[in-house]
Each structure stands twice: as structure tokens, then as C-alpha cells.
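Hello,

Here is the structure for your files. My notes on ring contacts follow below.

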Amino acid sequence: MDTSLIVLFSFEYNLNYTVMKSITTTLLALTISFCFSFILAQEEKKSLELKEQTVKTKHKLVINNSTLNYTATAGTIILKNKDQKPAASIFYVAYSLDDNITNRPVTFSFNGGPGSSSFWLNLGILGPKRVKMSDNGRSTPPPYHLIDNIYSVLPNTDLVFIDPVGTGFSIALDPTSQDFFYGIDEDIQATAEFIRLYLSKNNRFNSPKLIIGESYGGFRACGVTSFLQNEYGLYINGIMLISPFTNDILTWDSPGNELPYMTTLPFYTATAWFHNKLNDDLMPDLFSTIKKSETFAHNELALAIIKGNNLSESELNSLALNLSEFTGLDVEYLKSKKLRISTKMFYDKLLEKEGLMIGRYDSRLTRRINPTDSWSNYAIYDPSTTFMDGSYSSTFFQYLKTDLNYPDDRQYITFNSSIANRWKLGKFKGRPIYLGEDISRALIKNPFLKIFVAAGYYDGATPFSVTNYCFDHIHFEENTKDNVTIKYYEAGHMIYNDQTQLQKLSEDLNQFIKSAY
């Protein structure tokens, strides 16, 4: 072989070997670097979750020509288990005036679900910012905007918005124990422990203390109040229940449970009144018409349902005519259903001729029914919720980043739909979930406790008439029934979304807060 070819072959072999070795070494170095960076990132994320953090920012809010200087705090508090090991990281947003007022109240707030984060009440009415809505309570076209909230309760109380585990940025630190927090008793205990820790870390034990909850959050508020008093000796000045969940047996349409046919009737009447489906003599005044409906529901209708199959044909005919007047539904249809109208039936039938669907959270709102609609996917298409989700979610995401400077890039979970299906009933297993029990216990220990209830006439999720029935049957002692104030609004479940009722609710809440201590 030619010597020059041998030398060339040897050179190319050495060159290729050198290049391949270099490439292999580089790839190996990159792989090691990536793995090392990934491990560091995971450890950093874990350490952030295990470490409590707070981000404080300064702001101003002008209400009635008065400037409020306040500090917003976005942060986490670590809950520990019985072995004093970190169990959960709870995210919260708090607002406090910068004035050093030692006796200033502090109000703890959360929403419902279970599975909802606390951003609804924060951006809806309580906090210093709110979502800009149209005059009819619907959202504006995107992009959405936050505006200064002149209806905030911040002038009268500091605020702390709590996200339960599985919502917002709140998580169980051991993923295998996530479900531990999904239950009535566990949720109440975790929320109460967060409140105790917040009071301790911020030296607020002797501040007047209030709790506000919306929907299921109203039930939670009563349970937390009772738990704080019984277990920690922390007495609450006042609780505010916004469209509260009160007693599931009063709304649960199921065979053998006939209470809902009576308790929901005044809500049907209010809705039919709004849609102009009642007789002319019942149309001039909503409030007197509701009273007449309540009287009919508690007397003639209740007695008829109790009679069951013993109701005579003439009684059925007469009562169906009366029930038709209060529901706007066809007499023959009511007779065929033996006077028993479920919520689904009412939603299906009231505007059937117009081909419209009624909103569950606000029965004034409607949309055209599609052939594919079914009751099982009603929540997806509910006209009273779909228009709000985008405006509240996107504005809060932006708010966290730009106003509160919170550095977490994880998804902020506004609503965790899987939680409700995993919710443990605890002491309420096998019996109705009922908030009156905790109210009675709390008032026995603390007869100074004040309770405010807000109910919307067009709320089909927690009807005002069901709330009335619940509070009419709570056991009160030593004249503590006078501690309860119930206010009504021409609005749906999220009362504050109705711009005509927002101011009224704000005035009522501010007045209650000032009177509670």
C-alpha cells in the first residue's frame, strides 16, 4: 500500500476519534448539567413550598375623598400535622391599613365549592380592587380590567383571603396526603389552624375578629367559628354569610325527600315574576308577591304534600291552579306532577316556549337552548356562570404578577372540580349537612356573636327561601335570635356582580362590621 495513503487513513481515523470523543464528552456534560439543574430546580421548588414566604407591596385607595394607605401581602403559611411535620402550604392574600391601629378588626374570607379559591370575594366586593363589569352584571369583552373598588370594606377592617388546600397555590406538601384535607371536618380544622397561626404571626389575637364566607364558605364559616371557640378559646365577633349553603336536605331533589317542593317555591315565584310569567294581580310588587307565595308554601301546599295519595281530586285541581299562579307553569303539568316541582322541572318548563335556559346562579339570565343540552352538562352551559369565569380569572392572574409581585409561575387554581367528588362528610355522614348546629353551639358559648346573612332573590344555587326556612328552625337560646340579621337583594348568587345591588351590599357589610364589636 502507498505510504501516503496509510498516513492519510491514520490521520482521518485519529481526527474522527477525537471529534467523536469530544462530542460524547460534551453530550455527557450537558446531560449531567441538565440532570443537576433539574434536581436543583425540584429541590428549590420543594424548599419554597416548605418555607413560608411573604411578598409585601404598598398601595393607595381613595374612597369618598379619603385616601387609604395600605399594605398588600401575598404569601404562604405552613400547617403542621400532629407530629409537627409540615403538612400543607396555604396561600393567602391580605390587606391591612398602614395606620397603627391596635384595635382594628381583621376579617378572614373564603369562597365555597368545596373547591373554590378565595378570589371571587376578593375581586367581587371586599378587596381594594374589583373586576369591571357591565351595568347588567355581565362581564365586558376581553381584555378585562380591574378598577379601584370604592365599595371595599377595607376602611372598616383588615382582610385576609384564604385558599383551601387544592385551590389557588395551596397544596398538601405530601402529595399522598392531599385527600386528607378534602372533608368537612378536615377543612374546618385546617382553616381554623390557619387563622390561629395568622393571628399569632401578626400579633392580632386581641383584634376584633370576623369571618365571611360565600356559598359553601358560609357553612365553613359557621364550622370554623365553632371550632375556634371550642378548641382554641378564640371568640369571634361576627360572621357574614353571603348566599350561604345551609341545609342540603332543603334543596336535594331525591325520592322520599319532599321538603324542597315547599322551601323552593318562593324562589320560583321571584323568578317567574322577573320573567313576567305571573298573573297581572301578582305583578305590581315583587315583595308582597313573595310573601303570598311563602304563606301558600307553608300552609296549603305543605298540607297537600303531607296528605300524599289521600289528596282528593278537587283539592288537587284547586291547589294546582294556585300553584300555577305562583310559578307560571301550566296547571295540567302541575297536576301530572302531583304539585311536586323540582328545580330541574322549573328550569326546563318556565321559558320552554321561548326556547330559553335559565341561569342557576342568577335565574334572570338566560340563553338559547341547544339540541345537545342536557341536565348533566347544565353547569357547563349555565348562562349565569360562563360569562364570569374569564373576567375574574385573567384579571386575578395579572393582579398577582403586576400589583402583588408574587413570583409563583404555577397555575393558580380558581376552582378544583375534582374536590367535591372526594369530599368526606365526617360527622354529617348519613344525615343532612346543616349549618344551624354550629351556629347554635357558637352562640351558646358566645352570646355576643353577631351573624349577618345576605340572600339574593334570584339565586337558584342557595335559594333565599331555603335560607329563611333554615334560620327559622335553628335553636336559639337567651334571645340570641336577635343576633341574626338577614338582608335580601334583587340579585343572584354572586350578589356583588349586580351593579345595582353592589352598593347596597357594601353598605350593609360595612354597617355590620362596625356594629359587631
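**Ring contacts**

The charged end of R196 sits over the ring of Y232, at 5.7 Å from the ring centre. A charge counts as over a ring if NZ of Lys or CZ of Arg is within 6 Å of the ring centre and within 35 degrees of the ring normal. R360 likewise lies over the face of Y361, 5.1 Å from the centre of that ring.

The model is predicted: local features need pLDDT of at least 70 and side-chain atom pairs count only at pLDDT 80 or more, while totals for chains, interfaces and linings use all residues. Residues are numbered from 1 along each chain as its sequence is written, and side-chain values use heavy atoms, with hydrogens and water left out.

There are 35 aromatic pairs in the structure. Rings of Phe, Tyr and Trp (its six-membered ring) pair if their centres lie within 6.5 Å; planes under 30 degrees apart are stacked, over 60 edge-to-face, and the rest tilted.

Y216 and F245 make a tilted pair, because their ring centres are 6.1 Å apart and their planes stand at 40°. Y216 is in helix α4 (residues 216–232) and F245 in the loop between β10 (238–242) and α5 (260–263), 29 residues apart. Helices (H or I, at least four residues) and strands (E, at least two) are DSSP runs, numbered from the N terminus. Y216 and F245 are both buried, meaning under 20% relative accessible area (1.4 Å probe, protein chains only).

F396 and Y412 also form a tilted pair, with 4.8 Å between centres and 55° between planes. Both F396 and Y412 are buried. Ring pairs join them into a cluster with others, including W120 and Y399.

Regards

Note on methods: Buried < 20%, exposed > 50% of the residue type's maximum accessible area, 1.4 Å probe, protein only.
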